[in-house]
Amino acid sequence: MDWLQEFLPLSWERLNIWIGVICTFAIYSILYRENPFYRFFEHMYIGLAAGYSLGPLLVDILYRYWVEPLTQGFWAWSFVVPFGLYLYFIYSERYGWLSRIVIGVLIGASAGLFFQEFASRQLPQLNSALAKPLWQTSNNDVVISDVLNNWIFIVFLLSVLTYFTFSFEHRGVVRRVATFGRWFLMIGLGAMFGNTVMARTALLIGRIYYLLHDWLRISIGGG
Amino acid sequence: MQTRQPAVWDRMLAIDRRILYLLLFVNIVVFLLLPVQLKAVISPPARKFYNAIEKLQTGDLVMVSSNWSASTIAENKPQLEAVLHHLMRKKVRFTIMSVEAQARDLSYRIAQRIAKEYGYEYGKDWAHLGFYVNLIVAIKGMTTDLPATVKQDVEGTPVSQLEVLKGVRTLADYKMVIDVTPSGTMPLWVSYRPKGLIVLFCPTSVMAAEAYTFLDSGQVEGMLTGAKGAQEYEQLLKIKGQGAIFANCIQFSHVLIILTILLGNIAMFLSRHAREG
Amino acid sequence: MWRSVWQVDTSTTAGIIAMVLIVLGAFLLMLGLIPLLQALPPRGRRVLIALITFFAGAFFAAEFFLPLTKDNENWLTPGVQPAQNVLQIIGSLALGLGTYGLIRLHLRNVVQRRAQWGYSVVLLISFLTMAFFSIWNTLAAKNLLPKNSVLVRGFEILFDYTLVQLDAAMFSIIAFYIYSAAYRAFRVRSIEAGILMFTAMIIMIGIMPLGAAISSWMGLPSEVPKDAHPFSLESILYALSLPEIANWILIKLNAPVQRAIEFGVGIGGLAMAIRLWLSLERGIT
Amino acid sequence: MPYQHAQDNWFAAIIIAIIALAVLINIARAKAGAQLYIRRIAGLDAIDEAIGRSTEMGRPVTMIPGLTAFGVAAVQALTIFKYITKQIAKFATPMRLLTADATVYAVAQEAIQDAYNEAGRPDLYDPDSVRFLSDRQFAFASGVAGLIQRERVAANFMFGEFYAESLIFAETGNIVGAIQIAGTVSFTQVPFFVAACDYTIIGDEFYATSAYLSREPVLLGSMVGQDIAKFLFACTVGVGAIAATVLGTDHPFIKLLGQPGGWEPFVEFVSKTLFGGK
C-alpha cells in the first residue's frame, strides 16, 4: 500500500517522473512501428520545441541586440530589422528576389568568416603534424616506439590524402596507395564506431535505470 | 515456389530487428538487477587520480565542476559519487559548480545525500556555488576575484556568509579542480586555471580518447573513464556503488552485440555455403 | 540631443521622440526602397546581390588578414561584435520565418481538414502554450515581468518534465539503432567491411574491463614501470594487451585518418568559401 | 589554440594565399576551356537510380541537411539538393526537404523553387515540400523519423553536417527500405552512415559532389586547385618529418613549424638563417 502511494503520481515530483516515463514509452513505441501514440507525442514535441525557442529569440536576441541599443540611442540599428524582414518575401512570386539580398549578406559573411575558421581549426592540426622524426639521430631523442608511431602517422596521413584526390585518374602506384588509404580510413571509422557504441549504450542504460529506479522504485546498487 | 523451410541461418540473417531491440532491452534490465560483477583491472589514469586525492591534506579546498545531466547519468553519476566519497573520507572541504540548471540540481542533490553520511555541514565544509553559463568567463573571473564572480551560493546565501569560502580570494586558493563532464570543458580548465591548480578529469567514455595528450603532458593529473573508471575507483575506495553495475551492464551489452555480430557472420557463411554446395 | 554622430541622447523626451521617428523612418525607407529595387533589370539585380555578398565577406576577411596595431586588434576589429549581432538578428528573423512556415502548414492542415489534422491541433496547442510560458519565463528571468508560482510550475511541467524527457528518450533510442545497424553491416563481405568490423570489435572489448580481464588471464601485464626498455619483454607484452591496443588504435591510428579528412574538408570548404565570396559559384543563388 | 587573426600564425596568410591562388588560377584555366578530369565517385552515380526507383514506386524522396547551421557546408548541401530536385522535377516525383536551421530553410525555399523553374516545371513547386521542423536536435530527429515512416519514402538523401541524430535518420530510412545516400563532413558520423546507408560520401568528397554532378568548368577547376593544395599539405608534412629527423625536434626551424607564432619569430628566423645575424 505504501509502495503504491509512493508510486502513483500524487506529488509534483512523482508527476514529473510519470510524465517522463510516458514520454519515454511514446518515443520507444516507434521501435515497434510508427503509431498514433508516437505521432501524438512527435507533434507535441515539435510544437513544444518551436514554442520554447520563441522566448530566447524575442528576449535574448531581438530585445538584447536590437531594442536595447535603440533605447540607448544607437540609431543606426533601426535599419537592421526592416532589412532582415526582406527575408519574408520568399513566399512572394514578384518580390521573392528581395530575400536574396539578405541571403547574399549571410552567404558573404559565412564565406568571409571561413578564413578564420580554417586558420583556427585546420592549421594547428597541420602544425602539430610537422615535428615527427622518422629516425633516431644524434640531434633528437625520440624513443623507438615514437619512431614507429610517427611512420604510421605519416603513411596513414599521406595515403588517406591520396585517396581524397579527384582531379586525375587513380592508376598504378597511386591506385594502390589510394586503396590502402581507403583501408586505413576504415580502421579510423571502425574505431569511431566501437567507441561510440559504449556511449550510446550508456545513454540507454541511463534511461532504463530511470524506469526501474525512479519510476518503479527498485533499488539498484548504492542509491 | 518455396519447396522447403528456409534454413536456420537464412532466418537468422533476415531476423526481425525488433527481436534485437528486445534482446538489448532485456539484457540491460537483467544486468541492472542481477548482482553479477566482474572485477575491474585498475588502469593507470585511475590510479593516478586516486593518488592525487590521497595526497590532499585535511581542510584543503577542492572545486568540483559538475556539468552532466540526465542523458549521461550512467557514466557521470557514479563518477561524481565516488569522487565525493573520497573527498569526504579525506576530510577535504569542497565547493561544486555547474554550467546549467539541471546539472546544478543533480549535483546538489547527490552531494546533499552523501554529505549526510559523513556528517558534512553545508556552508562550513562544503557549498554549491550554482551555475555559470559561460565557463571561460567564470574561470577567468574566479581567477581574479572569486567572491565577486560567485556573489552567492545556490540557495542565495551571500559568499561572505559561507564559512567554507572564508579567506578565499581567488581560484589560486584552491588545491585542485575535478571536472565531471560529458562535454569538452576540461581544456578550458587547463588553459585558464591559475598556475599550480591540479586538474582531475572525469569524462564520458567517448571524450576520454582526446584527453590522453593532456594526461601524457601532465596537464591533467588523473582520469576516470566513464562508468568503467567509476567502477575502478569504487574498487580502490572499497565501496559499493553504481559504477560497477553500470560498467558491467555496458560490458554485457557489448558482449551481446559482439556475439550477435559473430553469429550473423557465421550464418552468412553457412548460408553461402549451403547455396554453393 | 546628440551624444555623438552615432548616438541620440534618449534621456530627454525630445531624444525619445527622435528615436521613435528614426525607427519609423527606417521602416518606411526600407519599404520605399522596394519599388526602386524592383525597377532593376535582372542583370542589375544579380550584380547588386554579388556586390552585397562581396562586401559582407570582405569585412570579415579583411578583419582577419589586415595587420594588427595594438592589443591584437586592427581598425576593423571593433566592428566584429556589432556585425555578429546583425547576423544574429537576421538569424532570429529567419527562425521567426521558419516557425511561421511550420505554423502556417499546420494551420492549413486544420482549416482544410486534411488527413490526420488532429495531430496538427496537438502541435498548435503545445506550440501556443509553450510559447506563452517561454516568453513569460525569459522576460521574468530578465526581471521585465514578475515571477509567480503559476509561471514557475507551468514552465517546469512543459520544459523540465516533458521537453527534456523527450530529448533524453530520443537520444537514448540511438542505442537500439546502433545495435541493429551493427548486426546488419558488420559482415565480412569484403576486405573493407572486414577491417571496419574487426577494428570496431577490438575497441568494444578493449575499452571495457573485460578487455583488461582477458589480457590478464592471458598473462599480459596491466602496467609497466616507467623506465622499462621499450623492447623489453614486459613492454612488448604490455603493448599487446587489449586495452593498450584499443587505446593505440583510438589515438595513434585514428588521428592521422581524422587529420587527413580534416585537411580535405578544410581545403574543400575554403575553396567553396572563395567561390561564394566572389560569386563564382552558380549553385543556389 | 584558436587564431583570431592571420597575424597570429605566419602559416595562415601564406597557406591561404597559396590555396586561393591555386584555386583561382585553375578556375580561370577551366573557364578558358582547358579539359579537366574528375575521378569516379561511386555513391553519386546511384542518385539517378534512387530517383528512378522512387518514381516507379510513386513514393516521395526526402532530403535532409542534418543540423547544418547556415554556412559554407550548408550552401554546398543545398547545391546538391538543388541538383537532385532538378532531376526529380523531370519525373514529377514528390519530394520533402526537412531542415533544422531556419536560415537554411529560407535559402532552401529559394533554391528548390529555382530548381523547379530551371527544370521547366514551376507548376510542380509546392512551398510545403520544404519544411522547417525544429531547431532542437532530437525534436527534429523525431519529426524526421515519423515522416520517413509515415510517407514510406523510397529514397533518402542526407548531405551536410550531422551529429548524434544521424543514425536515427539512417536506420529509419533503412526500415522503410529506402535507397539511402549520405555525405557528410562530420567525421564522427561517417561510420554510422557507412553501416546504415547504401552509399556514403566521405569528408572531402562532399565538396567534390557538385563538381561531379554538374561538371561545370568553375567547379572542376576549383577541384584541381584543391588537389594542388592537398599536395602542398602532404609536402609540408613530409618536409617537416625529414627536417625533424635530421635537425632534431629542438631545432629552431622545427619550433617555427610546430609552434608557429606571429610574423616576428618568422622574420627573425629568416634573417638569422639568411644573414647569420644574431
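With a relative accessibility of 0%, Cys23(A) counts as buried, whereas Cys235(D), at a relative accessible area of 34%, is partly exposed. The model is a predicted one, and over all of its chains the count of disulfides comes to zero.

The interface of chain C and chain A brings 123 residues of chain C into contact with 120 residues of chain A. Between them, chain C and chain A bury about 11800 Å², and 80% of this area lies on carbon and sulfur atoms. Two salt bridges are counted between chain C and chain A; in a salt bridge between Arg121(A) and Glu262(C), the closest N and O atoms are 2.8 Å apart. Polar contacts across the interface of chain C and chain A amount to 23 residue pairs, both residues of each pair being at pLDDT 80 or more. On the side of chain C that touches chain A, the largest share is supplied by H10(C), with 21 residues. Sorted by class, that side of chain C holds 88 nonpolar, 25 polar and 10 charged residues.

The contact of chain C with chain B takes 31 residues from chain C and 35 residues from chain B. Here about 3100 Å² is buried between chain C and chain B, 72% of it on carbon and sulfur atoms. On the side of chain C that touches chain B, at least two residues each are supplied by helix H5 (149-172), helix H6 (174-185), helix H7 (191-206), helix H8 (209-217) and helix H10 (242-277) of chain C. Of these elements, H6(C) gives the most to that side, with eight residues. By class, the side of chain C that touches chain B is made up of 23 nonpolar, four polar and four charged residues.

Over all chains, the count of salt bridges comes to 32. One of them joins Arg17(B) to Glu171(D), with the closest N and O atoms 3.1 Å apart. This pair crosses between chains, from helix H2 (residues 17-33) of chain B, which holds Arg17(B), to helix H6 (residues 166-175) of chain D, which holds Glu171(D). Arg17(B) counts as buried because its relative accessibility of 18% is under 20%, and Glu171(D) is likewise buried, with a relative accessible area of 0%.

Within chain D, the side chains of Glu118(D) and Lys82(D) meet in a salt bridge at 3.2 Å, N to O. The pair links distant parts of the chain, 36 residues apart, with Glu118(D) in helix H4 (residues 102-118) and Lys82(D) in helix H3 (residues 72-91) of chain D. Lys82(D) is buried, with a relative accessible area of 4%, whereas Glu118(D) is partly exposed, with a relative accessible area of 46%. A salt bridge is also formed by the side chains of Asp45(D) and Arg40(D), at 3.0 Å, N to O. Asp45(D) is partly exposed at a relative accessible area of 38%, and Arg40(D), at 55% relative accessibility, counts as exposed. Beyond such pairs, a network of salt bridges links Glu34(A), Arg39(A), Glu42(A) and Arg150(D).

Asn35(A) is located in the loop between helix H2 (12-28) and helix H3 (36-71) of chain A, and with a relative accessible area of 14% Asn35(A) is buried. A polar atom of the Asn35(A) side chain lies 2.9 Å from the backbone nitrogen of Phe37(A), and the side chain of Asn35(A) also reaches the backbone nitrogen of Tyr38(A), at 2.8 Å. When its neighbours within four places in sequence are left aside, Asn35(A) is in contact with Ser29(A) and Ile30(A).

Arg217(A), which is not a glycine, has a positive phi of about 55 degrees; Arg217(A) is found in the segment after helix H8 (172-215) of chain A and, at 37% relative accessibility, counts as partly exposed. In Lys151(B), also a residue other than glycine, phi is positive and near 60 degrees. Lys151(B) is placed in the loop between helix H7 (146-150) and strand S4 (176-181) of chain B, and counts as exposed because its relative accessibility of 58% is over 50%.

Definitions and conventions. Residues numbered from 1 in each chain as written. Chains lettered and ligands numbered in written order. Predicted model: local features only at pLDDT ≥ 70, side-chain atom pairs only at ≥ 80, totals over all residues. Heavy atoms only, no water. Contact = heavy atoms within 4.5 Å. Buried area = accessible area lost by both parts, 1.4 Å probe. Helix = DSSP H or I, 4+ residues; strand = E, 2+ residues; numbered from the N terminus. Nonpolar A, V, L, I, M, F, W, Y, C, P; charged D, E, K, R; others polar. Disulfide = S-S within 2.5 Å. Buried < 20%, exposed > 50% of the residue type's maximum accessible area, 1.4 Å probe, protein only. Polar contact = N/O pair within 3.5 Å; in protein donor to acceptor, adjacent residues only side chain to side chain. Salt bridge = Lys/Arg side-chain N within 4 Å of Asp/Glu carboxyl O.
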